[in-house]
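Subject: Structure handover

Hello,

Please find the structure below, with the sequence. My notes on what was found follow it.

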Amino acid sequence: MLSQHERHYIQQGMAQNVRNDGRTCEHYRPLKLEVGVLNMTSGSARVKLGGTEVVVGVKVDIATPSPDAPDAGLAYYDVEISPLAGPEYLGYAGSELGASLAQRLARSMQAGSDGRGGAVDLTALGIIKGKTCWAMYVDALVIRVDGNVLDAVSIAAKAALADTKLPSISVTEAEGEDDEPELEVDDDPSASVRLETPSVPCIVTVSQAGRSYVVDLCEEEEQCVDASLHIAVTAQGSLRGITKQGSSGIDLGSLQEMLGIAQRVGPKLIQVVDQHIASGAATAQEED
Amino acid sequence: MARRDTSVPYQPQSRPEAVVSDTGERLDGRGLEEFRSAFLSPHALSQAAGSAYAECGKTKVMVGVYGPRQSARATAFSEQGRVQCDVKLASFATRQRRRFGQSTDERELSGLLATALEAAVLRHTFPKSCIDIYCLVLESGGSELTVAITAAAMAIADAGIAMADVVTACSVSRVAGQLLLDPTADEAFREDGSVLLAMMPAANLVTQLVVTGEWSSAQMKQALCLCMGGCLQLDAVTRKALASSEEQALAAMRIE
């Protein structure tokens, strides 16, 4: 917990567009991103954003589609804060925070009830209409917490989804009327199909402290802001999923300005993330 | 993320394909930018410090406020009072019966409600203590959260807890490119995007904003304007209901 004077110092810095680590208000901390780090998954990524560290694994299973969207697959998002990040995340508090982060991540990806219009096209996960589909589990594990966990989770999720390969599957039509169609999953990894993820957004959390608007807060800075907006932005700069957080109201002028900042910063961030993904499993380090 | 139950309702769920007619009329006869009929009534429960009952179309919500009082959960010292919310959908509120116990979406609704209210409640007036807001959705006919926010703010006012302003909330669904104010459950089912705005209308401050789906800046502005208009309409109803309930209470005192 910060003292009143420490808080004041940090807020004054934000007001003058200089932060403790020398960044301006619209700069992210150095991003380190690796993809394909977990062998047991269909896609995975590990993100370090300053001191915050997140690992995301994507696994796919066979499931039955929802009756509302028979030709689409299912996607589930989960976030777990490991007690490794600190004893305060052990038990109830950690699971509550994790669940709320997961809801926000899911909101940024959300598809319509027919499985269309989501960040990931869920119809690409359909196998046999009304009978079989892929269920995709996106699980994030937060290992270290140093502010801006949600942005790091969303970056890691985007990278892990881009890394995800669905096993190729062939359907043999049933011979008799009562027979079920047969599925054959190709276990050759080279025959797998990569998931299309061009419209997966990144979440940019923009916070308001007095008259200044700041992105990518570290843990100390998070205690100095009035309110935050988690704004998911696509590479084209359109908005996709917003949630407000924090115990102050935001006036409408500030709201518009915060949306504008997210739309400016988001595509730049995605560009950096895409570069990391494109450079493959190789470890890359780059400053925004 | 709903866990599927082992039993299903015996009547199949038929959801209408088109929710807006060619003439721009909605299934319940409303225009695109028209509110459902709303009924708000403070002081619905006698044992709570403050309470409210709200109906918006088929959505029925009851809210009870207790406190300020000592938190039941052990929490650290805080100069600012806490606002604890618990939103519960009755097991019979939806078509498919809900399981007992808090589900993840109820937990999420509780969090969103708390954020929407915290900004309005003057929390420094009750340091070290908390107010508990219990919100029960009796029937879920769409836009539960907006009704819950409006009713909860009214219940807090009814409890006499200091607030900067009342909070009203309103949502907009986008169905096939059209913006529908105050959507019903059937309309929300067909949506490809939604905006929920909670605000303090007199102070003109946004206390909660929840958006799903993909939005361009222009369309987002349009949706926000529509929501704001809705919030202002509800604000007038809220104030009137609070004032008339206060008058009734005063009249009752005079008779005694």
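A:Val171 sits in strand β8 of chain A. This is a predicted model, so the notes rest on computed values. With a relative accessible area of 34%, A:Val171 is partly exposed, since the partly exposed class lies between the 20% limit for buried and the 50% limit for exposed.

Ten residues of chain A gather in a patch of negative charge on the surface: A:Glu175, A:Glu177, A:Asp178, A:Asp179, A:Glu180, A:Glu182, A:Glu184, A:Asp186, A:Asp187 and A:Asp188. One of them, A:Glu177, is in the loop between β8 (169-172) and β9 (182-185) of chain A. A:Glu177 counts as exposed because its relative accessibility is 82%, and the exposed class begins over 50%.

Now chain A as a whole. Chain A holds five helices and 16 strands. Its radius of gyration is 21 Å, close to the 19 Å that the globule rule gives for 288 residues, so chain A is as compact as a globular protein of that length. The C-alpha trace of chain A spans about 75 × 40 × 40 Å along its principal axes. Of the 288 residues in chain A, 51% count as buried.

Next, the salt bridges. How many salt bridges does a search of the whole structure find over all chains? The search finds 28.

One of these pairs is A:Glu221 with A:Arg23, where the closest N and O atoms are 3.8 Å apart. This pair links distant parts of the chain: A:Glu221 is in helix α4 (residues 219-222) of chain A, A:Arg23 is in the loop between α1 (4-15) and β1 (31-35) of chain A, and the two are 198 residues apart. Are A:Glu221 and A:Arg23 buried or exposed? Both are buried.

A second pair is A:Glu34 and A:Arg46, whose side chains meet in a salt bridge at 3.4 Å, N to O. A:Glu34 lies in strand β1 of chain A and A:Arg46 in strand β2 (residues 43-49) of chain A, so this pair ties together parts that are 12 residues apart in sequence. A:Glu34 counts as buried because its relative accessibility is 17%, while A:Arg46, at 29%, counts as partly exposed.

The side chains of B:Arg30 and B:Asp28 meet at 3.0 Å, N to O. B:Arg30 has a relative accessibility of 5% and so counts as buried, whereas B:Asp28 is partly exposed, with a relative accessible area of 41%.

Back in chain A, some salt bridges join up. A:Arg19, A:Asp21, A:Arg23, A:Arg29, A:Asp146, A:Asp216 and A:Glu221 are linked in a network of salt bridges. The pair of A:Glu221 and A:Arg23 described above therefore has both its residues in this network. Another member, A:Arg19, is found in the loop between α1 and β1 of chain A. A:Arg19 counts as buried because its relative accessibility is 4%. The C-alpha atoms of A:Arg19 and A:Tyr9 are separated by 9.7 Å, and these residues are 10 apart along the chain.

Regards

Methods:
Residues are numbered from 1 along each chain as its sequence is written. Chains are lettered from A and ligands numbered from 1 in the order in which they are written. This is a predicted model: local features need pLDDT of at least 70, side-chain atom pairs count only at pLDDT 80 or more; totals for chains, interfaces and linings use all residues. Side-chain values use heavy atoms; hydrogens and water are left out. Patches are made of residues with over 30% relative accessible area and no salt bridge: like charges are joined within 9 Å, nonpolar side chains (Val, Leu, Ile, Met, Phe, Trp, Tyr) within 5 Å. Accessible areas come from the Shrake-Rupley method with a 1.4 Å probe; for residues, only the protein chains shown count as cover. A salt bridge is a side-chain nitrogen of Lys or Arg within 4 Å of a carboxyl oxygen of Asp or Glu. Lys and Arg count as positive and Asp and Glu as negative; His and the chain ends are not counted. The place of a charge is taken as NZ of Lys, CZ of Arg, CG of Asp or CD of Glu. Helices (H or I, at least four residues) and strands (E, at least two) are DSSP runs, numbered from the N terminus. Buried means under 20% relative accessible area, exposed over 50%, partly exposed in between (1.4 Å probe, protein chains only). The radius of gyration is taken over C-alpha atoms; the globule rule is 2.2 Å times the number of residues to the power 0.38.
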